[in-house]
Amino acid sequence: MHAPRKILVVEDDPDISALVELHLVDAGNDVVLSSDGRDGLERALGQTFDLVILDIMLPGVDGLEICRRLRAEKPELPILMLTARTTELDRVLGLEMGADDYLTKPFSVRELVARVKAIFRRIEVFDSQPQPTALTLGPLQIDTDARRVLIDGDPVELTAREFDLLAFFARHPGRVFTRGQLLDKVWGYTHEGYEHTVNTHINRLRGKLEADPSHPRFILTVWGVGYRFPTTEELTT
């Protein structure tokens, strides 16, 4: 048995936060609640958490700004964003700011707990499985122990989920994956309607890895199917 995971929930609706706390505690987690954006940001930066669940609409500092600050200072901290169902732009912005995942309101608490379990299960599987400590693919170097990425010797700053996605692709060069398969393998769940999460993370990765994101070298689109990572031969020719 591992120690309870510590989760920060930043949500200004007391009914929602109480319900989320009840179910997450029942699932074996330690939960800290914050109802104000500024307080939530200070807690997230000043304490150690395994996950932050973050509403977008908050008093003090909004969730997008909190997400941006956390990504700058704690890039490996998983963030699950809560957004209003009617604001597709909020979901896109949340993912582009670096959120690992999102749920739309009103949401099923059972689905929220399942997402949280999937995040932690992914971390446990990654930590428990023997992995090559270094991958070199053309100009790209991935150090899985240090969770560090270099291109032509220059470091690339990635979020935890961006790193996991890149490392997954790099371990399966040449193989094509659908968005649903990537959700299952990297995010730990398959849920119709959330494929946009994959698209946004791939766009973010391309923006960080590619000299010209419109003509990518590393994560290639297979039209009508999904994405693949090139083989070593493709990267070195």
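Trainee: Exposed means over 50% relative accessible area, and buried means under 20%. With that in mind, does Asp152 count as buried or exposed?

Mentor: Asp152 has 58% relative accessibility, so it counts as exposed. Keep in mind that this is a predicted model.

Trainee: Where is Asp152 placed?

Mentor: Asp152 sits in the loop between S8 and strand S9 (154-156). Its phi is near 50°, a positive value in a residue that is not glycine. As background, most residues other than glycine have a negative phi.

Trainee: And which residues does a cis peptide bond join?

Mentor: Lys105 and Pro106 are joined by a cis peptide bond, with omega about -5°. Pro106 belongs to the loop between S5 and helix H5 (109-128). In general, most peptide bonds are trans.

Trainee: Let's zoom out. How many helices and strands does the chain have?

Mentor: There are 9 helices and 12 strands. The chain has 237 residues, and 48% of them count as buried. Among contacts in the chain with a separation of 6 or more, 59% come from residues 24 or more positions apart.

Trainee: Back to S5, then. What is the strand order in the open sheet of 5 strands?

Mentor: The order is S2-S1-S3-S4-S5, and the pairing is parallel. Strand S2 (30-34) and strand S5 (101-105) are at the edges with a single partner strand each, so one side of each has no neighbour in the sheet. On average, neighbouring strands of this sheet are turned by 20° against each other, direction ignored.

Trainee: How many residues of S5 are buried?

Mentor: 5 of the 5 are buried, so S5 is largely enclosed by the rest of the structure. Asp101, Leu103 and Lys105 point one way from the strand, Tyr102 and Thr104 point the other way, and all are buried.

Trainee: How many bridges pair S5 with strand S4?

Mentor: S4 (residues 79-84) pairs with S5 over 5 bridges, in the parallel sense. Leu82 stands opposite Leu103 in S5. Elsewhere in the sheet, strand S1 (residues 6-10) is joined to strand S3 (residues 51-55) by 4 bridges, again running parallel. There, Ile7 stands opposite Leu51 in S3.

Trainee: Which strands does helix H2 lie across?

Mentor: H2 (residues 37-46) lies across S1, S2 and S3, and it runs at about 145° to S2.

Trainee: Switching to the nonpolar side. Which residues touch the most other members in the largest nonpolar core?

Mentor: That core has 29 residues, and the ones touching the most other members are Leu140, Val149, Leu166, Phe169, Leu182, Leu209 and Phe229. Elements giving two or more residues to this core include strand S7 (140-143), strand S8 (148-151), helix H6 (160-171), helix H7 (179-187) and helix H8 (195-209). H6 gives the most, with 7 residues.

Trainee: What does Phe169 touch, beyond its sequence neighbours?

Mentor: Not counting residues up to four places away in sequence, Phe169 touches Phe177, Leu182, Ile202, Ile219, Tyr227, Arg228 and Phe229. Apart from this core lies another one, of 21 residues, including Val52, Leu58, Val61 and Leu95.

Trainee: You mentioned H7 and H8. At what angle do their axes cross?

Mentor: Roughly 80°, with the axes coming within 9 Å. That makes H7 roughly perpendicular to H8. Arg179, Leu182, Leu183 and Trp187 in H7 meet Glu195, Thr197, Val198, Asn199, His201 and Ile202 in H8. By class, the contact has 5 nonpolar, 3 polar and 2 charged residues.

Trainee: Last one: what is the order of the open sheet of 3 strands?

Mentor: S10-S12-S11, with antiparallel pairing. Strand S10 (176-177) and strand S11 (220-222) are the edge strands, and each pairs on one side only. S11 and strand S12 (residues 226-228) pair over 3 bridges, and Val222 has Gly226 in S12 as its bridge partner. H8 packs on this sheet, touching S11 and S12, and its direction makes about 35° with that of S12.

Conventions:
Residues are numbered from 1 along each chain as its sequence is written. This is a predicted model: local features need pLDDT of at least 70, side-chain atom pairs count only at pLDDT 80 or more; totals for chains, interfaces and linings use all residues. Side-chain values use heavy atoms; hydrogens and water are left out. A nonpolar core is a set of buried Ala, Val, Leu, Ile, Met, Phe, Trp, Tyr and Cys residues joined through side-chain atoms within 4.5 Å. Buried means under 20% relative accessible area, exposed over 50%, partly exposed in between (1.4 Å probe, protein chains only). Contact means heavy atoms within 4.5 Å. Two strands pair if DSSP finds at least two bridges between them. Axes are lines fitted to C-alpha atoms, for helices over the stretch in contact, and angles run from 0 to 180 degrees between N-to-C directions. Angles under 35 degrees count as roughly parallel, over 145 as roughly antiparallel, 65 to 115 as roughly perpendicular and the rest as oblique. Ala, Val, Leu, Ile, Met, Phe, Trp, Tyr, Cys and Pro count as nonpolar, Asp, Glu, Lys and Arg as charged, and the others, Gly among them, as polar.
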